[in-house]
Amino acid sequence: MSDDPGRVSADPTLGLTLGGGGAFGAAHVGVLQVLAERGIRPGIATGTSSGALVAAAYAAGLELSVIEQAVLQFRWRAIARWSLSPRWGLLDTHAVTDAVSRVFGTEPLIEDLPLRFGAVATDLRARRTVTIDSGPLSVALRATIAVPGLLPPVRRHGTLLADGGMLDNVPVGPTRAMGAERVVVVRLHARWENVRMMRTVTRTADLADDPSVLLIQPEMEGMAQWMMSDVPRLIAEGRRAATVALDAAALDGRFLGTADPDPMDERMPRPL
């Protein structure tokens with residue numbers, strides 16, 4: 001099939017949650033490729049940090065080949081520059097605004113995107129997560145990637161927002177709150193990670209046992225998290241992990257509703 005996600009009808013009850021992890025986020029591209037090849041089209045996409053960047057591109061309807069090329073060519077200067085007033089962070093993320101305008105020709109509003117999208121950030125004052133699902137796209141992206149001390153927090157509606165991964169690096173709750181009954185969850189996993197240090201509030205074991213969740217865990221061990229040298233390997237690992245998860249769980253039809261129905265059984269839903 002075409003790699004254009006807009007050519008497959010989206011399922012408004014199926015969500016996609018993409019976890020954060022710096023350059024590890026390249027693995028999300030491989031996951032999206034496998035989902036598209038199997039006709040799986042989530043209608044809701046959320047993420048935090050680098051996961052939000054990929055989820056936004058997906059929700060905006062960009063072709064997967066375009067997303068892949070953007071990730072392969074990505075350099076950190078595309079989202080951050082040295083700050084001229086480094087009170088809140090050494091870098092300035094207004095480069096994100098410029099990048100969004102170059103891609104879309106204007107500053108799009110999240111509510112105008114083809115698919116529903118939410119960027120998950122942390123409210124630093126209230127110490128809770130916030131889902132940004134309306135307003136300028138670049139504001140949401142700048143907030144969800146903000147790392148205090150390095151990338152400045154973003155002021156929005158009286159709040160001070162930073163990287164959502166500080167509280168929840170696998171934001172399944174926000175995806176469900178936006179209407180998802182089933183969720184494809186991509187957790188960027190490394191055997192050496194300390195989950196408590198990551199402050200991930202969603203337990204991986206609970207996700208694995210939840211029949212409404214398809215958990216995909218690309219293995220990041222031995223790959224660079226803050227350099228782009230391993231991007232091709234990360235994309236390939238995302239493909240591998242997605243294929244294994246779908247095949248091993250045999251969820252292509254039962255979970256995602258994409259199996260061809262019996263034409264004699266009118267009670268069966270039409271395939272996506």
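How many helices and how many strands are there in the protein chain?

## Overview of the model

The protein chain holds 10 helices and 10 strands. Both kinds of element are DSSP runs, numbered from the N terminus: helices are H or I runs of at least four residues, and strands are E runs of at least two. The structure is a predicted model, in which local features need pLDDT of at least 70 and side-chain atom pairs count only at pLDDT 80 or more, whereas totals for chains, interfaces and linings use all residues. Residues are numbered from 1 along each chain as its sequence is written, and side-chain values use heavy atoms, with hydrogens and water left out.

Of the 272 residues of the protein chain, 53% count as buried. Here buried means under 20% relative accessible area, exposed means over 50%, and partly exposed lies in between (1.4 Å probe, protein chains only). The chain exposes about 13,000 Å², and carbon and sulfur atoms supply 55% of this area. Accessible areas come from the Shrake-Rupley method with a 1.4 Å probe; for residues, only the protein chains shown count as cover.

Contact means heavy atoms within 4.5 Å. Among contacts in the protein chain with a separation of 6 or more, 73% join residues 24 or more positions apart.

## Helices α1 and α3

Helix α1 covers residues 27-37 and helix α3 covers residues 64-72; their axes come within 10 Å and cross at roughly 165°. Axes are lines fitted to C-alpha atoms, for helices over the stretch in contact, and angles run from 0 to 180 degrees between N-to-C directions. The two helices α1 and α3 are therefore roughly antiparallel to each other. In this scheme, angles under 35 degrees count as roughly parallel, over 145 as roughly antiparallel, 65 to 115 as roughly perpendicular and the rest as oblique.

The crossing of α1 with α3 is left-handed. A crossing is left-handed if the near helix is turned anticlockwise from the far one by less than a right angle, and right-handed if clockwise. On the α1 side, the contact is made by Val29, Leu32, Gln33 and Ala36, and on the α3 side by Leu64, Ile67, Glu68 and Val71. By class, the contact of α1 with α3 has 6 nonpolar, 1 polar and 1 charged residues. Ala, Val, Leu, Ile, Met, Phe, Trp, Tyr, Cys and Pro count as nonpolar, Asp, Glu, Lys and Arg as charged, and the others, Gly among them, as polar.

## Helices α3 and α9

Which helix do Glu68, Val71 and Leu72 of α3 meet? Their partners are Val231, Pro232 and Ile235 in α9. The residues of this contact of α3 with α9 divide into 5 nonpolar, no polar and 1 charged. Helix α9 comprises residues 231-249, and its axis comes within 10 Å of that of α3, with a crossing of roughly 140°. The helices α3 and α9 are therefore oblique to each other, and α3 passes α9 in a right-handed crossing.

Ser229 lies in the loop between β10 (213-216) and α9. At 55% relative accessibility, Ser229 counts as exposed. Ser229 and Ala23 are 206 residues apart in sequence, and their C-alpha atoms are 9.1 Å apart in space.

## Helices α4 and α5

The axes of α4 and α5 are 9 Å apart, and the helices pack at an angle of about 140°. They are therefore oblique to each other, and α4 passes α5 in a right-handed crossing. Val96, Thr97, Val100 and Phe104 of α4 make the contact with Leu137, Ser138, Leu141 and Arg142 of α5. This contact of α4 with α5 has 5 nonpolar, 2 polar and 1 charged residues.

Helix α5 (residues 137-144) is mostly covered, with 7 of its 8 residues buried. The buried residues of α5 are Leu137, Ser138, Ala140, Leu141, Arg142, Ala143 and Thr144.

Not counting residues up to four places away in sequence, Val100 touches Gly105, Thr106, Glu107, Pro108, Leu137, Ser138 and Leu141.

Pro108 is placed in the loop between α4 (95-104) and β5 (116-123). Pro108 counts as buried, at 13% relative accessibility. With the same exclusion of residues up to four places away in sequence, Pro108 touches Val100, Leu113, Gly135, Pro136 and Leu137. Pro108 and Pro136 are 28 residues apart in sequence and 6.0 Å apart in space, C-alpha to C-alpha.
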